[in-house]
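This report describes a protein model for a reader who has not seen it before. The sequence and the structure come first, and the notes follow.

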Amino acid sequence: MADTSFDWLNPFASIDLGIASWADGIKQWAISHREMIQPIKRFFESVIVGIEGALHAVPPLVMLVIVALIAWQAAGRRAAIVVGCCLLVLGLLAPEAWGLAMTTLAIVTASVILCVLIGLPLGVLAGKSDRFEAFIRPVLDTMQTIPAFVYLVPVVMMIGIGNVSGVIVTIIFALPPLVRLTSLGIRGVNPSVVEAARAFGASPAQILRKVELPLATPTILAGLNQTIMLSLSMVVIASMISVKGLGNEVLRAMGRLDAGKAIVGGLGIVMLAIVLDRITQGLGRSGRERGHRHWWETGPAGVLTAMFKKTN
Amino acid sequence: MAETREDVIRCEGIWKIFGDKSRHAMEAVRARGLSKKDIREQFDCVVGVQDASFTVGRGEIFCIMGLSGSGKSTLIRHINRLIEPTSGAVYIEGENVNAMNAEALRKLRAEKIGMVFQSMALMPHRTVRDNVAFSLEVRGVSDAERAKVAAKAIEMVDLTGWDAKYPDELSGGMQQRVGLARALAADPTILLMDEPFSALDPLIRRQLQGTFMELSAELHKTTVFITHDLDEAIRIGDRIAIMKDGVLVQIGTPEEIVTEPADDYVAEFVAGISKLDLVTAARIMQPMAAYVQANGPQDMGTWPVGKPEDKLNELVDLAVGTDHPILIAAEGAPIGVVTKRALLRGIQGRDEERAA
């Protein structure tokens with residue numbers, strides 16, 4: 001291409017910096033260094049298998065009750081009813097739907113746990129340091145906007161198809177809101193309260209633990225909610241690299257133009273999304289909204305505590 | 001008081017210049033004595049505090065009075081080093097606060113200094129008790145001890161029974177009581193009060209001033225009290241510093257400030273202040289010798305008698321019962337005379353009698 005005469009009006013056609021082949025070089029390097037990544041892969045694998053095993057081991061009806069109780073505790077009675085109904089619909093969609101949903105839930109759970117482990121410290125750092133915020137912002141923009149198919153290939157080359165790749169791809173897509181909102185939450189803490197904490201002799205670590213993180217919690221939980229939703233929205237794409245679960249149903253249905261199967265998978269994902277959304281939104285309510293009651297004074301735990309007090 | 005005075009807080013030549021080039025600006029000030037305007041134009045820096053020096057004695061209440069933007073809140077934050085001075089140093093009980101390492105500074109803040117903020121700055125996610133005990137918590141004091149100390153501090157500000165509530169369940173006045181309890185909880189040597197009552201409505205402000213003055217009479221804390229209200233400064237302060245554009249214009253007792261303002265700015269401030277409870281007979285009386293020389297010997301047997309430290313208010317009470325001037329006597333011996341004319345002028349705040 002570059003051998004034809006140079007055209008000033010269209011210079012780009014005759015310049016080839018070789019970025020594509022350079023990037024391909026990274027892929028080659030990754031393939032030849034696969035061994036290095038194996039221990040990390042095994043660790044991820046065992047985490048996912050553990051979670052999936054646990055979710056599958058619980059009988060569906062018991063699981064339904066447990067999740068509804070969690071929703072009641074976290075978000076109140078009304079949310080618990082919504083969550084219970086959604087799970088019921090999910091189970092009735094198709095005989096195999098519940099099992100597929102648990103597989104998907106396992107992938108999402110693993111991704112979200114890892115997102116929190118990575119995202120929370122990054123978010124705190126970004127909230128504290130303008131320079132780090134300026135550095136990480138374009139990185140987060142890239143992670144959120146770059147099409148998933150672009151990094152699907154290198155990740156598969158490096159790690160191979162399967163759940164671990166699925167989780168990593170999901171993390172890349174779902175991490176940014178948690179980092180952003182953690183930073184926003186830390187920055188939004190009333191500076192006069194932080195000053196008061198300093199004036200009474202708190203160290204920077206104590207200020208973070210006792211003042212900034214508690215006051216930023218509603219914002220951080222909003223970020224967590226977004227991260228969970230984005231994780232769920234990745235399950236179809238992740239199924240392209242052989243991740244099982246509801247996403248795989250949708251993918252297969254697409255291949256066979258099977259609208260019925262697609263609806264089962266799609267609705268299943270939606271139900272799961274509603275369940276997770278209601279529970280995490282409930283967590284973000286402020287103390288004032290809950291009437292300043294401790295968590296053990298509300299929901300099923302509150303009922304238990306009250307019963308225990310009566311019998312005493 | 002002056003002889004036995006022990007300085008708890010000593011501020012020496014504090015300068016605070018805000019801006020990226022504050023160091024250079026400071027050097028230029030030292031070398032060339034730049035004005036504030038020059039500093040702003042040449043270095044794009046703002047002078048917050050300009051060469052402030054003062055001392056506060058043990059148990060004294062030192063008021064810093066100034067309008068908003070005069071730098072008083074900036075100055076008070078130098079005492080516990082929430083703000084680093086560009087130049088100068090603060091000594092607390094002889095120790096240089098600006099030379100302390102982070103750990104020593106935290107210990108000082110938690111154990112020796114209590115601070116009350118205009119914005120209250122209570123922690124909304126903590127109960128009243130946990131707010132009050134915060135300084136003990138960061139020092140790692142045990143739960144039981146914290147509960148005991150917090151209960152005591154909460155009782156001092158009459159909030160017993162509210163300790164399990166959250167700040168947003170309390171009224172503004174009660175919140176500031178919590179702020180006061182938090183500052184007193186660790187039994188600090190020094191209290192820093194940054195316009196503590198300014199955000200409250202007048203009635204509640206009066207009440208809290210009363211609470212504060214009772215507590216301070218009982219506890220004798222060395223206090224630096226910031227206010228933009230001269231009435232408040234006069235009511236509360238043992239000494240008052242007037243601050244204007246980052247400069248301490250005048251430091252003195254309330255009486256000195258009111259009767260001998262250092263410049264027009266202070267004079268304008270004190271013009272509207274009632275002298276009745278401030279100015280003493282000693283300040284407006286004509287000495288005995290001068291009076292006798294001017295009016296000849298008189299029969300003073302029927303004259304009302306006051307003491308030199310009596311305020312104008314008390315002299316008025318004496319004067320309404322008689323047509324005679326008031327005799328001022330110290331330890332039984334007459335030392336001066338306050339005529340009606342001098343008394344009226346004194347209430348007005350003019351010094352005509354002495355000038356004449």
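## A four-stranded sheet in chain B

Chain B holds an open sheet of 4 strands in the order E2-E1-E4-E5, paired in the antiparallel sense. Strand E2 (46–57) and strand E5 (95–96) of chain B are at the edges with a single partner strand each, so one side of each has no neighbour in the sheet. Helices (H or I, at least four residues) and strands (E, at least two) are DSSP runs, numbered from the N terminus. Two strands pair if DSSP finds at least two bridges between them.

Within this sheet, strand E1 (residues 7–18) and strand E4 (residues 87–92) of chain B are antiparallel and share 5 bridges.

## Basis of the model

The model is predicted: local features need pLDDT of at least 70 and side-chain atom pairs count only at pLDDT 80 or more, while totals for chains, interfaces and linings use all residues. Residues are numbered from 1 along each chain as its sequence is written, chains are lettered from A and ligands numbered from 1 in the order in which they are written, and side-chain values use heavy atoms, with hydrogens and water left out.

## Annotation and domains of chain B

UniProt, in an unreviewed entry, places the feature "domain: ABC transporter" at residues 29–270 of chain B. UniProt positions follow the numbering used here, feature names are shortened, and annotations may be inferred rather than shown by experiment. The span 29–270 of chain B is 44% helix and 21% strand, and its end C-alpha atoms lie 32 Å apart.

The domain assignment divides chain B into domain 1 (57–88 + 98–270) and domain 2 (281–355); such bounds come from an automatic or database domain assignment. Taken over C-alpha atoms, the centres of domain 1 and domain 2 of chain B are 40 Å apart.

## Strand E9 and its partners

Strand E9 (residues 239–244) of chain B has 5 of its 6 residues buried, so the rest of the structure largely encloses it. Buried means under 20% relative accessible area, exposed over 50%, and partly exposed in between (1.4 Å probe, protein chains only). Strand E3 (residues 61–65) of chain B runs parallel to E9(B), joined by 4 bridges, and B:Phe62 stands opposite B:Arg239.

E9(B) also pairs with strand E10 (residues 247–252) of chain B, in the antiparallel sense and over 5 bridges. There B:Ala241 has B:Ile251 as its bridge partner. The hairpin of E9(B) and E10(B) has 2 residues between the strands, and B:Asp245 in this hairpin takes a positive phi near 50°.

## Aromatic pairs

The count over all chains is 8 aromatic pairs. Rings of Phe, Tyr and Trp (its six-membered ring) pair if their centres lie within 6.5 Å; planes under 30 degrees apart count as stacked, over 60 as edge-to-face and the rest as tilted. B:Phe197 and B:Phe225 form a tilted pair, 5.9 Å centre to centre with 55° between the planes. B:Phe197 is in the loop between strand E7 (190–194) and helix H9 (202–219) of chain B and B:Phe225 is in strand E8 (residues 222–227) of chain B, so the pair ties together parts 28 residues apart in sequence. B:Phe197 is buried at 2% relative accessibility, and B:Phe225 is buried at 0%.

B:Tyr265 and B:Phe269 form an edge-to-face pair, 5.3 Å centre to centre with 80° between the planes. These residues are 4 apart in helix H12 (residues 264–270) of chain B, which means that about one helical turn separates them.

## Chain A

Chain A has 14 helices and 0 strands. Of its 312 residues, 45% are buried. Its C-alpha atoms fill a box of roughly 90 × 60 × 40 Å along the principal axes.

In helix H9 (residues 191–199) of chain A, 7 of the 9 residues are buried, including A:Ser192 and A:Glu195. The elements that cover them include helix H10 (204–233) of chain A and, from chain B, helix H3 (72–79) and strand E6 (113–116). After H9(A) comes A:Gly201, with a positive phi near 90°.

Methods: Contact = heavy atoms within 4.5 Å.
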